[in-house]
Amino acid sequence: MEQNGAPYDVGFVGLGVMGKSLVLNLADNGYRVAAFDLDADKITAVEAQDQAESQSRRVLGCPNLATLLAQLTAPRLVVLSIPAGAAVDAVCEQLLAAGIGPDDVVVDTGNSLWTDTVKREAHYRGQFHFFSTAVSGGEVGARFGPSLMASGDARAWQRLAPLWQAIAAKVDPDSGKPIERFEPGNPVREGEPCAAYIGPAGAGHYVKMVHNGIEYADMQLICEAYHILRTALGLTPAEIAAIFRRWNAGVLDSYLMAISAEVLDTWDEASDGPLVDVILDKAGQKGTGLWTAVSSLELGCPAPTIAQAVYARALSGQRAERLAAAELLRGPEPVALSDAEREALIEQLHDALYCAKICAYAQGFQLMASAAKVQGWTLDFAAIARIWRAGCIIRAVFLQSIAAAYERDDSLANLLVDPFFTEQLHRYQGNWRRAIAQATLLGIPCGALSASLAYFDSYRLGTLPANLLQGQRDFFGAHGFARTDRDEGARFHVDWSAPGRPVRPA
Ligand SMILES: NC(=O)C1=CN([C@@H]2O[C@H](COP(=O)(O)OP(=O)(O)OC[C@H]3O[C@@H](n4cnc5c(N)ncnc54)[C@H](OP(=O)(O)O)[C@@H]3O)[C@@H](O)[C@H]2O)C=CC1
Ligand SMILES: O=C(CO)[C@H](O)[C@H](O)COP(=O)(O)O
């Protein structure tokens with residue numbers, strides 16, 4: 001691709017956890033990369049690793065952005081892997097000062113807020129093409145195959161598609177299972193790439209945000225199952241790891257289930273006990289789960305399992321208060337379960353996790369559908385499910401079933417009404433209810449499992465108590481209500497203080 005003495009195909013800014021891995025992945029796939037980071041040590045480190053792995057020079061470290069731009073074939077392609085927010089604007093301005101031009105493409109791969117991406121695309125129009133590609137997969141995914149959600153100018157996508165399809169995770173299209181090989185210099189070339197053009201500016205980051213919201217829910221659900229197994233049954237982390245591994249061979253087969261078993265099975269030399277017992281129970285968060293919950297509230301599109309997962313992290317953070325409350329607030333007395341009850345609870349939890357997970361994904365897909373309607377995006381939900389089957393944190397075999405559901409009906413109202421998922425929920429909901437009932441009686445919190453169940457029950461009921469709620473609103477605020485026996489557009493109000501409480505058109 002050498003042109004005008006500028007032999008590098010991609011400019012890369014940000015060589016941290018993700019950036020370094022993406023650079024080496026691009027290099028393994030035959031792309032020559034000119035790389036820059038504020039931290040000179042990170043530039044040296046990526047060059048050294050590249051040379052050690054390839055015995056050649058596929059990556060050139062650059063001392064500044066002007067030098068980086070000078071190495072690139074035109075029109076130039078610059079990829080950013082830097083913290084979301086102000087850093088992205090700062091680097092865009094620095095690239096302008098360094099001479100980036102109207103035909104060049106700048107791709108933000110960070111976890112940016114999708115509305116920022118929309119603004120940036122408009123702001124830089126005419127100066128360069130601001131494009132985005134949200135990345136999932138963490139460090140290993142970035143190195144050997146991430147899931148890539150691209151959005152922005154469709155012509156920029158034409159340019160990027162071959163690169164992204166080369167470096168993306170690959171999946172066996174028939175089984176829906178990832179094809180994985182973690183070997184430097186030997187990337188996976190077979191299978192279906194987990195990279196897709198999602199839509200106009202912001203769409204890819206919105207979809208990634210929802211991916212992370214689902215990630216929060218999925219993680220919390222697994223944590224609640226762990227908590228119940230630990231507290232109700234007194235199982236050791238290693239015993240729970242064995243149960244999780246068994247579950248991971250069936251419908252719950254997922255990366256998050258697999259890594260949960262790994263964490264639980266890890267021994268800590270310093271404390272001579274399970275590592276999980278010395279990890280402080282205060283969850284961190286960088287914000288994408290919160291953004292998803294906020295978006296769901298703004299759109300009026302319920303995602304209670306995702307919101308509950310954000311609350312669970314927040315409540316875990318109130319550790320000092322929890323420790324004080326633990327001295328004061330009593331729960332139910334412990335109950336010893338019989339062997340049969342113990343075996344039953346394990347089975348029930350499996351089914352509860354599966355059903356609750358279906359509901360969490362249903363919420364995420366509803367949310368994307370809702371945002372798409374407001375934004376005028378045409379989202380291909382089957383394609384989104386397909387690119388989440390490998391490379392990303394929520395990769396799971398059951399994404400194959402979600403893809404199939406949207407292939408059957410691309411305007412499916414909700415995953416729950418797809419015939420396959422309806423049948424699964426009918427079959428397993430009894431155990432889901434029993435697991436939550438048992439945990440509740442024992443005083444073990446299971447907010448995400450319960451939020452999913454309440455979502456399912458609310459969604460499937462033709463009548464909800466919102467009739468009483470509308471009556472309350474009319475009573476104190478004269479807000480009016482519609483009637484079941486009249487046209488829905490007609491509003492009524494009760495004169496609550498008048499004798500006989502007459503109902504009049506509002
Ligand atoms: N880690 C993960 O699992 C995932 C992260 N992401 C997202 O990817 C992005 C990168 O994440 P990650 O690699 O973990 O972050 P890191 O903090 O490890 O790396 C970011 C790098 O960008 C550099 N940097 C910051 N500002 C500039 C600048 N103005 N010019 C040049 N370099 C700069 C930083 O340098 P310095 O340290 O000197 O400031 C650092 O080396 C983030 O948006 C993150 O949210 C997405 C998916 C997964
Ligand atoms: O995007 C990701 C994976 O998909 C990151 O791992 C994400 O930063 C994790 O979020 P948090 O730190 O809030 O748990």
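Analyst: **The contact of two helices**

Helix α12 (residues 304-317) and helix α18 (residues 447-460) have axes that come within 8 Å and cross at roughly 160 degrees. That makes α12 roughly antiparallel to α18, a label for angles over 145 degrees, with those under 35 counted as roughly parallel, 65 to 115 as roughly perpendicular and the rest as oblique. Axes here are lines fitted to C-alpha atoms, for helices over the stretch in contact, and angles run from 0 to 180 degrees between N-to-C directions. Helices (H or I, at least four residues) and strands (E, at least two) are DSSP runs, numbered from the N terminus.

The model is predicted: local features need pLDDT of at least 70, side-chain atom pairs count only at pLDDT 80 or more, and totals for chains, interfaces and linings use all residues. Residues are numbered from 1 along each chain as its sequence is written, while chains are lettered from A and ligands numbered from 1 in the order in which they are written.

On the α12 side, the contact is made by P304, T305, Q308, A309 and A312. From α18 come G447, A448, A451, S452, A454 and Y455. Contact requires C-beta atoms, placed from the backbone, within 7 Å. By class, the contact residues are seven nonpolar, four polar and no charged. Nonpolar covers Ala, Val, Leu, Ile, Met, Phe, Trp, Tyr, Cys and Pro, charged covers Asp, Glu, Lys and Arg, and the others, Gly among them, are polar.

Definitions and conventions
Contact = placed C-beta atoms within 7 Å.
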